[in-house]
Amino acid sequence: MQNKITSMLGLATKAGKLVSGEFMVENAIKDFSAKLVILATDCSDNTKKKFRDRTTYRNVPYYEFSDKDELGRCIGKEFRACVAITDEGFATTLIGLLEQNNK
């Protein structure tokens, strides 16, 4: 299941439908372009709380997946603590995969 999620994150990156890094993800949440936020499981508790609060307030789905290194590798970057999907189709597919992965 993780391979499907990492592949989908890579496709979203290539399609230009993913933003990464705390600042860019915060902006995507604020301007309502974020359809899904994914945080690395090993990011700090402060970061988790900050994004959990913001996504809850703006009604954006929020999931934790993998670690910073793997999350960065999925999108062809160095380590990343968080990413946001800005396309409804990619977000819907990823939510389904993440739900299956969390079972």
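**Ground rules.** The model is predicted, so I took local features only at pLDDT of at least 70 and side-chain atom pairs only at pLDDT 80 or more, while totals for chains, interfaces and linings use all residues. Residues are numbered from 1 along each chain as its sequence is written, and side-chain values use heavy atoms, with hydrogens and water left out.

**Entry 1: salt bridges.** I looked for salt bridges (a side-chain nitrogen of Lys or Arg within 4 Å of a carboxyl oxygen of Asp or Glu). The structure holds six.

I took up Lys50 and Glu22, whose closest N and O atoms are 3.1 Å apart. This pair links distant parts of the chain, with Lys50 in helix α3 (residues 45-58) and Glu22 in helix α2 (residues 22-30), 28 residues apart. I used DSSP runs for helices (H or I, at least four residues) and strands (E, at least two), numbered from the N terminus.

I then checked accessibility, with buried meaning under 20% relative accessible area, exposed over 50%, and partly exposed in between (1.4 Å probe, protein chains only). Lys50 is partly exposed at 26%, and Glu22 is partly exposed at 30%.

Next I looked up Glu64 and Lys48, which form a salt bridge at 3.6 Å, N to O. Glu64 belongs to strand β3 (residues 62-64) and Lys48 to helix α3, so the bridge ties together parts 16 residues apart in sequence. Glu64 is partly exposed at 29%, whereas Lys48 is buried at 13%.

Asp53 and Lys49 form a salt bridge at 2.7 Å, N to O. They are four residues apart in helix α3, separated by about one helical turn. Asp53 is partly exposed at 41% and Lys49 is partly exposed at 47%. I also noted that salt bridges with shared partners join Glu22, Glu26, Lys50 and Arg54 into one network.

**Entry 2: helix α3.** I checked the span of α3: its 14 residues reach 20 Å from first C-alpha to last, close to the 20 Å expected at 1.5 Å a residue. The expected span is 1.5 Å times one less than the number of residues.

Which residues of α3 are buried? I found Thr47, Lys48, Phe51 and Thr55. They cover an arc of only 95° around the axis, which puts them on the same side of α3; the arc is that of the directions from the helix axis to the C-beta atoms. The face turned away from this buried side carries the exposed residues Asp45, Asn46, Thr56 and Tyr57.

I looked up what covers the buried residues of α3, and the list includes α2, β2 (36-39), β3 and β4 (82-85). Lastly, Asn59 follows α3 and has a positive phi, near 60°.

Technical notes:
Contact = heavy atoms within 4.5 Å.
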